[in-house]
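The sequence and the structure are shown first.

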Amino acid sequence: MTDGAVFETARVLVAADKFKGSLTAVQVAERVTAGLRRVLPGLPVETLPVADGGDGTVAAAIAAGFERREARVTGPLGTQVTAAFAVRDGVAVVEMAEASGLQHLPSGVFAPLTATTYGSGELLLAALDAGARTIVFGVGGSATTDGGAGMLAALGARFLDAAGAPVAPGGGPLASLATADLSALDPRFASVDLVLASDVDNPLTGPKGAPAVYGPQKGANPEDVAALDAALAHFAKVLEASVGARAAEAALAPGAGAAGGIGYGALVALGARFRPGIEVMLDVLGFAPALARATLVITGEGSLDEQTLHGKAPAGVAAAARSAGIEVVAVCGRLALPPEALGKAGIRRAYALTDLEPDPARCMAEAGPLLERSAEQIARDFLA
């Protein structure tokens, strides 16, 4: 194919997630574009940074044209933090990690039993106050395991111990919960479409529940995990006495265990509906019309591995592109999938930065220039 033919027929869509610890999704798109155009100046490239509902979701929405808003809310340790959300045409994108995420903990400090999602509830209130009729609630990257109790308290719920005093923040203190009163929850949720966007389909408790699977990432030792699992099971039992059988059903529903169980709180009390995060975000970001304009899609994330195949952004992008008959290649920091697994996911070929720089520390430090070199090779392999 000649350069002239490339310019006449090729149009590249860069729809990649962040390289965690190295590059934001926006930076990934910028570097890939620069590398492509170093080989083919003037190549039509459209960028659509994507996210799967976890950290980076608000940034992806803003890059797609949403308006950035900020609110001062309660962080996971109880101190005030500034959290961003995004709005456009009655749709708000809210990322719970902005209020209750691990990034708000001091380095090396964890609070697995006491971290609260109260600020996530305050962030949802800010979205309501901004006029949102649909809220995409991206859940992931949390510092919390409180079943969403803090979030619901911020929205008007009352959780009391046997003495009638409010239960302390965090998942651990839920063991002392005696009564739950949801009657004063903000009534606006009755008329809002709240979409729980997550790549996690775990239940609330048990071997695959929030404490067992994700608690250790938040500093929980085995005793903490056991305590949190029992406390969340008790929380669900008390809620069952308050709202009926749906409390027990919601605890087993896909997504209940997302972000330390905040998914459960949203499902049981706020009328949320669960959808895979990448599907929601592709809809919200306008992926379908962008895909219709493309002849090649470049996706990716920091690590292409077994987790990628279970609801992560590159898999969602590749599945949609394959359905449209459009070829997909991927960029990544490290590649831990064999070619046959990539092929089944709809990815023709993956370009790993570790192929260019094997040293992990240098690879992360130099991710930007390395990614440009990978994009140059994609241009040569697929476009020139």
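In this predicted model, residues 24 or more positions apart account for 72% of the contacts in the protein with a separation of 6 or more. The protein has 16 helices and 13 strands. Its radius of gyration is 22 Å, close to the 21 Å that the globule rule gives for 384 residues, so the protein is as compact as a globular protein of that length. Taken along the principal axes, the box filled by the C-alpha atoms is roughly 80 × 45 × 35 Å. Of the 384 residues, 55% are buried. The protein exposes about 15,200 Å², and carbon and sulfur atoms supply 54% of that area.

The description now turns to the sheets. Strands of a sheet pair through backbone hydrogen bonds, either parallel or antiparallel. Alanine 92 stands opposite isoleucine 135 in E6.

How many of the residues of helix H10 (residues 258-269) are buried? Twelve of the twelve are, so the helix is largely enclosed by the rest of the structure. Among these buried residues are Gly260, Gly261, Gly263 and Gly265, together with Ile262, Tyr264, Leu267 and Val268. H10 is followed by glycine 271, whose phi is positive, near 70°.

Another open sheet has five strands in the order E2-E1-E11-E12-E13, with parallel pairing. Its edge strands are strand E2 (45-47) and strand E13 (349-352), each of which pairs on one side only. The twist in this sheet averages 25° from one strand to the next.

E11 and E12 run parallel and are joined by eight bridges. The bridge partner of glutamate 301 is cysteine 332 in E12. From E11 the chain crosses through helix H13 (residues 313-323) to E12, in a β-α-β crossover that is right-handed. Strand E12 (residues 327-335) is in turn joined to E13 by four bridges, and these strands also run parallel. Alanine 330 stands opposite alanine 350 in E13. Here the chain crosses from E12 through helix H14 (residues 339-345) to E13, and this β-α-β crossover is right-handed. Cysteine 332, the partner of glutamate 301, stands opposite alanine 352 in E13.

Two further helices lie across this sheet. Helix H2 (residues 25-39) lies across strand E1 (12-14), E2, strand E11 (296-304) and E12, running at about 175° to E2. Helix H16 (residues 367-383) lies across E1, E11, E12 and E13, and its direction is at about 150° to E13.

Technical notes: Residues numbered from 1 in each chain as written. Predicted model: local features only at pLDDT ≥ 70, side-chain atom pairs only at ≥ 80, totals over all residues. Heavy atoms only, no water. Buried < 20%, exposed > 50% of the residue type's maximum accessible area, 1.4 Å probe, protein only. Helix = DSSP H or I, 4+ residues; strand = E, 2+ residues; numbered from the N terminus. Pairing = 2+ DSSP bridges. Rg over C-alpha atoms; globule rule 2.2 N^0.38 Å. Contact = heavy atoms within 4.5 Å. Areas by Shrake-Rupley, 256 points an atom, 1.4 Å probe, with all protein chains shown as cover. Axes fitted to C-alpha atoms, helices over the stretch in contact; angles between N-to-C directions. Right-handed = clockwise from strand over helix to strand, strands pointing away.
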